[in-house]
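Morning, everyone. I have one structure to walk through, and I'll keep it brisk. Please have a look at it first.

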Amino acid sequence: MTSFSLPITPRYAEVDQQGVVFNGHYLTWFDEACTGFLDHLDVTYPGLIASGYDIQVVHSEIDFKGPVRWRDAVRVEVNCDRIGSTSFTLAFNVLRGKDGEPAAEHQSAVRGHNVYVVVSTEDWAKRPIPPLLREALTSVERQPHNVSD
């Protein structure tokens with residue numbers, strides 16, 4: 001399985017008075033990247049819901065390493081760091097560069113991770129990770145990150 005990254009173009013509305021992307025927007029980007037990552041693994045969010053499961057974020061961390069500015073070329077890499085019995089952790093790396101610059105030259109601007117717990121859509125109680133999701137996550141767990149700091 002190849003790695004996954006979601007391209008993002010920072011919008012004007014996401015930039016604060018300091019001229020950088022406001023920190024709260026990174027969680028939105030992480031959420032969008034999670035959905036894209038699951039699609040990439042052929043475990044679509046609508047399919048998960050249809051099978052009676054959902055995922056909830058129970059913990060998030062964001063580490064700022066450098067600014068992301070309006071119109072920077074950005075992509076959010078996603079990696080599966082951990083798989084438990086009812087939860088899993090996705091790691092995110094926000095890479096920034098300039099338009100036309102090779103992706104290999106992009107620098108890590110923000111790192112973070114989310115812990116997700118699987119729940120039933122019937123009673124919202126936590127449940128073991130369903131086999132299809134576990135198999136997909138296991139296929140990419142702890143793959144090396146593509147870009148160094």
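**A walk through the model**

Let's start with D42, which at 65% relative accessibility counts as exposed. The cut-off for that label is over 50% relative accessible area, so D42 qualifies. Where does D42 lie? In the loop between α1, residues 25–40, and α2, residues 45–50. Now the backbone. Phi of D42 is near 65°, a positive value, and the residue is not a glycine. Most residues other than glycine have a negative phi.

Before I go on: this is a predicted model. Please keep that in mind throughout.

W124 sits in the loop between β5, residues 107–120, and α3, residues 131–138.

Now the overall layout. The chain has 3 helices and 5 strands. Reading from the N terminus, the order is β-α-α-β-β-β-β-α. How does the radius of gyration compare with that of a compact globule? For 149 residues, a compact globule would be near 15 Å; the chain comes out at 16 Å, so the two agree. The C-alpha trace spans about 45 × 30 × 25 Å along its principal axes.

A few totals for the chain. Buried residues account for 43% of the 149 residues. Take the contacts between residues at least 6 apart in sequence: 72% of them join residues at least 24 apart. The accessible surface is about 8,000 Å², and carbon and sulfur atoms hold 51% of it. On charges, there are 13 positive and 20 negative ones, and their mean positions are 4 Å apart.

Next, two aspartates on the buried side. D54 is in strand β2, residues 53–64. Its relative accessible area is 9%, so D54 is buried. What does the side chain of D54 pair with? The partner is the side chain of Y45, in a polar contact of 2.6 Å. Leaving out residues up to four places away in sequence, D54 touches Y45, I49, V117, V118, V119, T121 and W124. For a distance across the model, take D54 and F22: they are 32 residues apart along the chain, and their C-alpha atoms are separated by 28 Å.

The other aspartate is D72. Its place is the loop between β2 and β3, the latter being residues 73–83. D72 is buried, because its relative accessible area is 6%. Which backbone atom does its side chain reach? The nitrogen of R69, at 2.8 Å. Beyond four places in sequence, D72 touches I8, T9, P10, P67, R96, G97 and K98.

Last stop, H40. H40 is found in helix α1. H40 is partly exposed, with a relative accessible area of 24%. H40 and K65 are 25 residues apart along the chain, with 27 Å between their C-alpha atoms.

To recap the aspartates: D42 is exposed, D54 is buried, and D72 is buried. That's my tour. Over to you.

Terms used:
Residues are numbered from 1 along each chain as its sequence is written. This is a predicted model: local features need pLDDT of at least 70, side-chain atom pairs count only at pLDDT 80 or more; totals for chains, interfaces and linings use all residues. Side-chain values use heavy atoms; hydrogens and water are left out. Helices (H or I, at least four residues) and strands (E, at least two) are DSSP runs, numbered from the N terminus. The radius of gyration is taken over C-alpha atoms; the globule rule is 2.2 Å times the number of residues to the power 0.38. Buried means under 20% relative accessible area, exposed over 50%, partly exposed in between (1.4 Å probe, protein chains only). Contact means heavy atoms within 4.5 Å. Accessible areas come from the Shrake-Rupley method with a 1.4 Å probe; for residues, only the protein chains shown count as cover. Lys and Arg count as positive and Asp and Glu as negative; His and the chain ends are not counted. The place of a charge is taken as NZ of Lys, CZ of Arg, CG of Asp or CD of Glu. A polar contact is a pair of N or O atoms within 3.5 Å; within protein, one must be able to donate a hydrogen and the other to accept it, and residues adjacent in sequence count only if both atoms are side-chain atoms.
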